[in-house]
Amino acid sequence: MTDETQGTHEIYETYENPILDADWSDPDVVRVGDDFYLTASSFGRAPGLPLLHSRDLVNWTLIGHALERLEPADEFARPRHDCGVWAPSIRHHDDRFWIFWGDPDQGIFQVNAPEIRGPWTRPHLVKEGKGLIDPCPLWDDETGEAYLVHAWAKSRSGVKNRLTGHRMHPDGTSVLDEGKVIVDGDRVPGWFTLEGPKLYRHDGWFWILAPAGGVETGWQGAFRARDFFGPYEEKIVLEQKDTDVNGPHQGGWVRTPSGEDWFLHFQQRGVYGRVVHLQPVRWDAEGWPVMGDDGAPVAVHRRPALPRQPAAAPATDDDFPGGRFGHQWQWTANPPPLSAALERGDPHDGWATQHSGDGLRLSCVRTADAHDLRKLPNVLTQRLPGTPCAVEVELDLRGEEPGARAGLAVLGDAFCWIGLQRGADGTVHLVHRFAEAVAERERDADRPRLAPGGRARLRVEIGTGARCRFAYDIGDGFRSSGPVFAATPWRWVGALLGLFALAPEGPGHAGAATFTAFRIKPL
């Protein structure tokens, strides 16, 4: 896989889709000067709201996050894998970056910052309510008005297939009215599950680019009206047609400095989540956008007419210098605040400890849920790559507590992990465990093996269809372990790679585990 710090590669005149081959769900994009910035859904993981940067719309690097912790903090102290941050919109207005998103259980939030790297404000609740999702603001330079549009989640509100519009306070802190349904999908023949709106002003029209038809098989629609509150006319502007790209929809439109138009959207790929494609956009004689190749997604296309850039992709590998982990990693829930640990005077109270050398030092966090990784907030995760790869990491278990364990996991509705565990007699064993989606606790995927020295090199080969083969090296070369494990997604989130350390309930510090030389290589 690609590291952000690697040197340049040959740059070709065309690009291939997907441009981001991992779960960068529900992308939105904005241009500021010569720079493009992208954010995506992060659901219940922390930090949230990833921030990606590009100068050519093809090569992207991950530069940080806009949301340090989800709020209310206590609500996300335990994993809520399909909740939290849904479908954000990113904009630049009044010399500030703005990100709005919907939490389906709480309402519409926003954060803002003077620079893309922050500092970002704490989340502000713009509109409270159940089922409010996919918000997008618009500051209309022509009229000086500000607007907000959002969709609805039927699972929380009983409402779907419609878009609601509001006038918004220009400072982005509140809406100024009760809202009006400005697009009712039930009144458009054949349309269902209308959601994910992005709001623009172009050529004298208010434009809403919104998908419909469902995540896996839907299409991209465009709506336009002379007045924000309608009436709107609609057109399908991107759909699968005879391509292999199912459900090409939901994303953001952006214009380059030279006036080229492009649309970034996702494709649902099951266990891999929602990968990101880039489509050219032109405008027909009637002023409607035409995306891709006459409304069908392109697999290969001429690159945007922008200065050549080095080949790049979000980082995956990590040496964890000084015990710090890269931007690609997220916890499965809010981590404990460092200030609380300092107040208690316990240097081991945090989940990851910084130190002078290389390697990720994870505390063996005591828990009553050691039998089920899906319930643990202290699993450090990154996205599963969308192409076959091999994942390796070195593990050194220093937890002396019987039952202390650490490992490398593939995590979803079902999970599987391989790692080390301390026995009651003080010995360390190589263990390999899994749980089906319907199982309430894990069980062995292979027989435990003695691991002298408490060290192991762990490996998982992830083949076509995310079929995973686990292996280990405890000093005599890699050996395979257990049967093939088929990775699974959550409902809205692709499968994740994870590192963890834990111990059974009990008093006192349970020790730590150190992970070094995390690598992902293509197969």
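**Loops and overall form of a predicted protein chain**

Gly196 sits in the loop that links strand 13 (180-184) to strand 14 (198-202). Helices (H or I, at least four residues) and strands (E, at least two) are DSSP runs, numbered from the N terminus. The model is a predicted one: local features need pLDDT of at least 70, side-chain atom pairs count only at pLDDT 80 or more, and totals for chains, interfaces and linings use all residues. Residues are numbered from 1 along each chain as its sequence is written, and side-chain values use heavy atoms, with hydrogens and water left out.

Gly196 has a relative accessibility of 0% and therefore counts as buried. Buried means under 20% relative accessible area, exposed over 50%, and partly exposed in between (1.4 Å probe, protein chains only). A contact means heavy atoms within 4.5 Å. Gly251 is 55 residues from Gly196 along the chain, yet their C-alpha atoms are separated by 7.8 Å.

Gly322 is found in the loop between strand 22 (300-302) and strand 23 (330-331). Gly322 is buried, at a relative accessible area of 7%. With neighbours within four places set aside, Gly322 contacts Gln354, His355, Gly357 and Asp358. Its C-alpha atom is separated by 44 Å from that of Ala151, 171 residues apart along the chain.

Phe320 lies in the loop between strand 22 and strand 23. Phe320 is not a glycine, but its phi is positive, about 55°. At 0% relative accessibility, Phe320 is buried. Leu57 also has a positive phi, about 70°, although it is not a glycine. Leu57 is placed in the loop between strand 4 (48-54) and strand 5 (61-67). The relative accessible area of Leu57 is 0%, so this residue is buried.

Two cis peptide bonds are described next. One joins Gly118 and Pro119, with omega about 5°. Pro119 is in the loop between strand 8 (107-113) and strand 9 (124-128). Another runs from Gly230 to Pro231, with omega near 5°. Pro231 belongs to the loop between strand 16 (219-225) and strand 17 (233-238).

The protein chain as a whole has 2 helices and 38 strands. Its radius of gyration is 24 Å, close to the 24 Å that the globule rule gives for 523 residues, so the chain is as compact as a globular protein of that length. This radius is taken over C-alpha atoms, and the rule is 2.2 Å times the number of residues to the power 0.38. Along the principal axes, the C-alpha atoms fill a box of roughly 75 × 50 × 40 Å. Of the 523 residues, 60% count as buried. Among contacts with a separation of 6 or more, 59% come from residues 24 or more positions apart.

Confidence was also examined. The mean pLDDT (the predictor's confidence in each residue, from 0 to 100) is 95 for the protein chain, and 95% of its residues reach 70 or more. Over residues 1-11 the pLDDT is below 50, and this stretch has 26 contacts in the model beyond near neighbours in sequence. Residues 342-348 also have pLDDT below 50, with 5 such contacts. Where pLDDT is low, the predicted coordinates should not be read in detail.
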